Amino acid sequence: MALRHAVLAALLDGEYSGYQLAKVFDISVANFWHALPQQLYAELAKLEAEGLVAGRQVVQETRPNKRLFHVTEAGRAALEEFAAAGAKPSVIRDDLLVKVQTADRVGTVPVIEQLEARATAAEAKIELLDSLLRRMRGDADEEEFLLHGERVGGYLTCLRGVAFEQGHRDWCLRTAAVLKARLTGEKGDHS
């Protein structure tokens, strides 16, 4: 997947300025695609040049003018083509895994600290995503919303984000506990 597809997908929900798009990414798309605001602005410019999004100038009296973008028919067609194409298998590329792999040879304590920090960050993300899920479904229970809600795509991606963060948190905590136990055991053996 390219950033272009994530931007086009986010713009299906409405017309956004680059600033608003960055906020939408932080809330709804960031659980599966990370992008910096400057990357989003550059991608919007490319998509507009290719005719996949269109922008319009909004004149504001008390603030600088802004441009709002929406998906064009060509952009929808590109998303349909993307959705129909086969999905590539997911891969994990994480520097923390490299650090864990080397922990028993180059130092365990900093890796344990990073694992615990990552677990804390995952827990915060779980809380954020759970809040977003509650807001999306409103008063409906989850199964009712999944069967009859107006739009479930964002909800389903948030569910995946929660499952990912829960698995990540649990792995980090277990790995930190194993490394701590080994460290304690090593110290006990050497005294």
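In which helix does His168 lie? In this predicted model, His168 is part of helix 8, a helix that covers residues 153-190. The side of the story that follows from there is one of burial: His168 has a relative accessible area of 15% and is therefore buried, since buried means under 20%. Beyond its neighbours within four places in sequence, His168 is in contact with Asp94, Arg118 and Ala122.

The side chain of Arg169 meets that of Glu123 in a salt bridge, with 2.7 Å from N to O. This pair links distant parts of the chain, as Arg169 belongs to helix 8 and Glu123 to helix 6, 46 residues apart. Glu123 itself is partly exposed, with a relative accessible area of 28%. Trp171 is likewise found in helix 8, and at 32% relative accessibility it counts as partly exposed. Together with Ile92 and Leu97, Trp171 makes a nonpolar surface patch of about 300 Å².

Attention can now turn to helix 5 and helix 6. Helix 5 spans residues 95-106 and helix 6 spans residues 109-137; their axes come within 10 Å and cross at roughly 145°. The crossing of helix 5 past helix 6 is left-handed. On the helix 5 side, the contact is made by Asp95, Leu96, Lys99, Val100 and Ala103, while helix 6 contributes Val111, Gln114, Leu115 and Arg118.

Arg118 is partly exposed, its relative accessible area being 27%.

How many salt bridges does the structure hold? There are 10, and another of them joins the side chains of Glu48 and Arg67, at 2.3 Å from N to O. Because Glu48 lies in helix 3 (residues 37-49) and Arg67 in strand 2 (residues 66-71), this pair ties together parts that are 19 residues apart in sequence. Glu48 counts as partly exposed, with a relative accessibility of 27%. Arg67 is partly exposed as well, with a relative accessible area of 31%.

Finally, there is helix 1, made up of residues 3-11. Why can helix 1 be called largely enclosed by the rest of the structure? The reason is that 7 of its 9 residues are buried. These buried residues are Leu3, His5, Ala6, Val7, Leu8, Ala10 and Leu11.

Technical notes
Residues numbered from 1 in each chain as written. Predicted model: local features only at pLDDT ≥ 70, side-chain atom pairs only at ≥ 80, totals over all residues. Heavy atoms only, no water. Patch = residues over 30% accessible without salt bridge, like charges linked within 9 Å, V, L, I, M, F, W, Y side chains within 5 Å. Areas by Shrake-Rupley, 256 points an atom, 1.4 Å probe, with all protein chains shown as cover. Salt bridge = Lys/Arg side-chain N within 4 Å of Asp/Glu carboxyl O. Helix = DSSP H or I, 4+ residues; strand = E, 2+ residues; numbered from the N terminus. Buried < 20%, exposed > 50% of the residue type's maximum accessible area, 1.4 Å probe, protein only. Axes fitted to C-alpha atoms, helices over the stretch in contact; angles between N-to-C directions. Left-handed = near helix turned anticlockwise from the far one by under 90°. Contact = heavy atoms within 4.5 Å.
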